Amino acid sequence: MAHDTRAVPPPAEATHPPESGFTIGRDLGPAGRLFRLTFGLAAVASLAYRVDDHHDAGGAALVLAYLALIVAGYLALFWVLDRHVLRRANPWTGSLLLQLPTMLYPLNIGPLTFHDALAAYSVVGLLVCAGAGYGGMEAAALPSLVFRRWHRLYTPFNTADIAERALVSRRGSVWAVCAAAAAVFAFVAFWIFPLLLTVPPLESGILDLPPALALVLLVPAILFAVRRQYLAAVTMVVLVPLSAGRQLPDVLFGVIMLVGLILGVRDLVRRPPPS
């Protein structure tokens, strides 16, 4: 079954109902946009210090050259997948295929200049998501903007979107306000602060928070469960142990890719033979 895509302006320029028209992995609300923008700006500061510390002028130029190659490669990959996979496959498998090239970074394949270029590409994609109002994968954001194809693709940042939608559905209630405060604190404490701690002026550890504070995510989980927002509740419970490990976005990428692999194999097995 084909999944929803758009060849029209992205969700930020479209109008849809508060709930029924919102699709996780494609659309973006104001809180999700702000979270991506904040994280993206913190990532820019972190990456700028890293490039300045690790590379001379020649190395910085090489980072830019690798970045240009990565952009070209992702444009080509997206074009091929858009024609043959993304319009047919489930969003999890599409996310897996588009995320695979970035695994060269954690697997330590290639030189440091290439790794920094990959990081820069991800940061650019995150800022494009925030600017264009696209709630899908940041690695696909730039090609999506170029080809005007906004596929439903999953990213760790969708955890913020799930929380936001659950809160919006209970707007004005005391439960929603308490859950919003807990969720915002958790995202700042375990997404933004760890990234800022890689910036030299802040790496003294003053902002470093104990992993046990990840338990604060149980507060919105309980509140969402009481209000029968089961998807948001399960998401928050899953985030608790991941947050305590301080590698929350990286771990969630692995979860998305694993689910994409499982569902991709399932779809291949179920696919009817050609007549």
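Analyst: Helices (H or I, at least four residues) and strands (E, at least two) are DSSP runs, numbered from the N terminus. From the N terminus on, the protein chain runs α-α-α-α-α-α-α-α-α-α, which is ten helices and zero strands. This is a predicted model, in which local features need pLDDT of at least 70 and side-chain atom pairs count only at pLDDT 80 or more, while totals for chains, interfaces and linings use all residues. Residues are numbered from 1 along each chain as its sequence is written, and side-chain values use heavy atoms, with hydrogens and water left out.

User: How much of the protein chain is buried?

Analyst: Buried residues make up 46% of the 275 residues, where buried means under 20% relative accessible area with a 1.4 Å probe, protein chains only.

User: OK, and how do α1 and α4 cross?

Analyst: The axes of α1 (residues 30-54) and α4 (residues 112-132) come within 9 Å and cross at roughly 155°, with axes fitted to C-alpha atoms over the stretch in contact and angles running from 0 to 180 degrees between N-to-C directions. That makes α1 roughly antiparallel to α4, a label for angles over 145 degrees.

User: Which residues of α1 and α4 meet there?

Analyst: Contact means heavy atoms within 4.5 Å, and on the α1 side the residues include R33, L37, F39, L41, V44 and L47, which meet a set in α4 that includes L112, D116, V123, L126 and C129. By class, this contact of α1 with α4 has 15 nonpolar, three polar and four charged residues; Ala, Val, Leu, Ile, Met, Phe, Trp, Tyr, Cys and Pro count as nonpolar, Asp, Glu, Lys and Arg as charged, and the others, Gly among them, as polar.

User: Switching to α2, where is its kink centred?

Analyst: The kink in α2 (residues 57-86) is centred on V80 and is about 30°, the bend at a residue being the angle between axes fitted to the seven residues ending there and the seven starting there.

User: And what covers the buried residues of α2?

Analyst: The cover includes α3 (91-99), α4 and α5 (141-147), and among the buried residues of α2 are V63, L67, I70, F78 and D82.

User: How far apart are the axes of α2 and α3?

Analyst: They are 11 Å apart, and the two helices pack at an angle of about 155°, which makes α2 roughly antiparallel to α3. The residues of the contact of α2 with α3 divide into eight nonpolar, two polar and no charged.

Conventions:
Parallel < 35°, antiparallel > 145°, perpendicular 65-115°, else oblique. Buried < 20%, exposed > 50% of the residue type's maximum accessible area, 1.4 Å probe, protein only.
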